[in-house]
Amino acid sequence: MAESPILQVTQLSKTFGGVQAVMNVSFELARGQILGIIGPNGSGKTTLVNLISGFVKPDKGSVLFKGRNITGLQPHKIANLGLTRTFQVMRPYHSLSAFKNLIVPLNSPRVKRSAAGRLGDMDAVAIDILEEVGFERDARVPYKAAGSLPLGYLKRLELGRCMALQPELIICDEVFSGLSMSEITSLIPLIERLRMEGITLMMIEHRLRELFRLTDRVVVLTFGQKIAEGTPDEVMSNQMVKEAYLGTETKV
Amino acid sequence: MKATRRKKRLDRSIKVRCEGLYALSSWSEMAYLLAPRLLLILGLLLIPFFVDLYWQRVLCSAGIYALLALSFDFLAGYVGLVCLGGALFIGTGGYFAGLLNHYSHLPLFVTIPIATVAGAAFSTLVLIPCLRLRGIYFAIISFMLPLFAVYIIIALNVFGGTEGISALDTFPSIHLELYLILAAVLLALFAIRRLVNEDMGIILRGVKDNDQAVRASGISITAYKIRAVFIAALVGCFGGAYLSHLYGWLGISLFAMDFSILPIAATVMGGMGSLVGPVLGAFILTPMSEALRGFGQLRVVLYCFILIAFMVYKPEGIMNYLERKYHQFEKWEEV
């Protein structure tokens, strides 16, 4: 394992007013792996995503992507380097049809530079990507207004938007939340396929059981601090993690 | 008894999958699509033949308001920038054209294009620092910039100060005046309609719906907003340059609030986001405001009543309403 990690987060910190949202968080992510980030509500998971993807500037610490320092870079510049993210709250471009939603990333400098970007017919490329993430081809769904799609499709559309960018690392902010069990089960193969294609994934999740089926390693956050890191089994047997989720035992 | 005929909506038979794509198989279907467009073009081009000189003049200023309404609707409906900078566009366009004509004695067919581009570049430049602002904040700043300009001109007593500069070149004939502005309105209308469905327009609509996702998609929203404001400013500044040559005069009233407010009224009346609607709204509101002149100050009250009535009873606007109804036309077809 001589290859350097694709993502290296060192001592990342951010305060909002007096609230320490993320405090000295460090971890590494190897290429091709799936890393899970878990933690109770308000533990700073989404802030961490915002810090890495450039939407919020960190107070302290650094983020290295492919060995390059991307701390404080603008989100679109980070995206053009191949690091993109999904959003927890699904807000598609609701006035556009589903496949037109993908025209936006397909027009990014990153895709324009690539061989596929020079080929032309963006609409066809967009439809292909939607099929890949599970939209039925030739059905009317890809042509429907994105605002009228059910949540399951919106999550797929969001992943499609990321994939259109031909990314190397996708940060998924709670893709499973709000989905039914069967919808989640149908999303899991898609995520496995992303990994097969060589895309590294970082997944923020509340649905631990489903997450642990996918991840190689897990980082646990509480009150902005990293309290544990390891394989799913290691993490779940960790006493501090149990306390963070269930509270401490006291004699009454 | 089995029915052999049923009703079918006309638009359903020609729409293919999504908005803006049609499959036409007969002349009648083609006519169905073309009729409203031809009606608009011919209507605008033919009206001048049926009215006298006074109303022809009114049509000229209606054309200017139509351009402003178009640029307002483009920014508000497709980019999410509520820009009350109509007066800014008219003012900068007007001053650029007028000053070029006054000091360099360039003819108006040179000053108008230069003023359109230079004025748009200037307006965009002053709006760039505010592009980070959203919603009402951008609206307020864009509304204040023209006032700012007025006070600079008065305080420094430059560009003719409060008096303005008169005796600029005017158009040789009313027909040239009229058809220049009508052609500009039609050109701007169809160009912007085209633009919003091109890739660039798609990205701009993305910025309106969810700018965060656009940034996560590797696209600089500032760069696209600047382009959008420049396009809107081009349309507005042309109106300003044209106006200063229409009256042969430039002055601080080119920065008047009317140019920022009336386009919004026209857009509300015509239908937000339809682009055609605001143009239609301007061509209804401007002549109406002239016709109500007889009522003196009461005119404003009547005017407001009409606007309120529209907002309460037809908030979608004339155009969106007509479009919906037009798409509901049915024909009998054999089963």
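**Starting from one tyrosine**

A: Leaving aside neighbours within four places in sequence, B:Tyr242 is in contact with B:Ile64, B:Ile112, B:Leu180 and B:Ile181. Keep in mind that this is a predicted model.

Q: Which helix is B:Tyr242 in?
A: B:Tyr242 lies in α10 of chain B, residues 221-247.

Q: Is B:Tyr242 buried or exposed?
A: Buried, because 26 C-beta neighbours lie inside 10 Å of B:Tyr242. The cut-off for buried is 20 or more.

Q: How far is B:Tyr242 from B:Cys130?
A: In sequence, they are 112 residues apart. In space, the distance is 27 Å, C-alpha to C-alpha.

Q: Staying in chain B, what about α3(B): how many of its residues are buried?
A: 20 of the 27 residues in α3(B) are buried, so by the neighbour-count definition the helix is mostly covered.

Q: What end-to-end span should α3(B) have, and what does the model give?
A: Helix α3 of chain B covers residues 53-79. At 1.5 Å a residue, its 27 residues should span 39 Å. The end C-alpha atoms are 38 Å apart, which agrees.

Q: What comes just after α3(B)?
A: B:Gly80, with a positive phi of about 80°.

Q: Now chain A itself. How is it divided into domains?
A: Domain 1 is 1-82 + 169-176 + 199-252, and domain 2 is 90-166. Their centres, taken over C-alpha atoms, are separated by 27 Å.

Q: How many residues make the contact between those domains?
A: Five residues come from domain 1 of chain A and six residues from domain 2 of chain A. The domain 1 side has three nonpolar, two polar and no charged residues.

Q: What's the strand order in the four-stranded open sheet of chain A?
A: The order is β2-β1-β4-β5, with antiparallel pairing. β2 (19-29) and β5 (68-69) of chain A are the edge strands, each pairing on one side only.

Q: How many bridges link β1(A) and β2(A)?
A: Seven, in the antiparallel sense; β1(A) is residues 7-16. A:Val9 has A:Phe27 in β2(A) as its bridge partner. A:Gln8 is partnered with A:Glu28 in β2(A).

Q: What's in the turn of that hairpin?
A: The hairpin has two residues between the strands, and A:Gly17 takes a positive phi near 60°.

Q: Which helix lies across β1, β2 and β4 of chain A?
A: Helix α1 of chain A, residues 45-53. It runs at about 65° to β2(A).

Q: And the hairpin of β9(A) and β10(A): which residue in the turn has a positive phi?
A: A:Phe223, at about 45°. Two residues sit between β9(A) and β10(A).

Q: How do those two strands pair?
A: β9(A), residues 217-222, and β10(A), residues 225-230, are antiparallel over five bridges. A:Val218 has A:Gly230 in β10(A) as its bridge partner.

Note on methods: Residues are numbered from 1 along each chain as its sequence is written. Chains are lettered from A and ligands numbered from 1 in the order in which they are written. This is a predicted model: local features need pLDDT of at least 70, side-chain atom pairs count only at pLDDT 80 or more; totals for chains, interfaces and linings use all residues. The expected span of a helix is 1.5 Å times one less than its number of residues. A residue is buried if 20 or more other C-beta atoms lie within 10 Å of its own, exposed if 12 or fewer, and partly exposed in between; C-beta atoms are placed from the backbone. Two strands pair if DSSP finds at least two bridges between them. Two residues are in contact if their C-beta atoms, placed from the backbone, lie within 7 Å. Axes are lines fitted to C-alpha atoms, for helices over the stretch in contact, and angles run from 0 to 180 degrees between N-to-C directions. Domain bounds come from an automatic or database domain assignment. Ala, Val, Leu, Ile, Met, Phe, Trp, Tyr, Cys and Pro count as nonpolar, Asp, Glu, Lys and Arg as charged, and the others, Gly among them, as polar.
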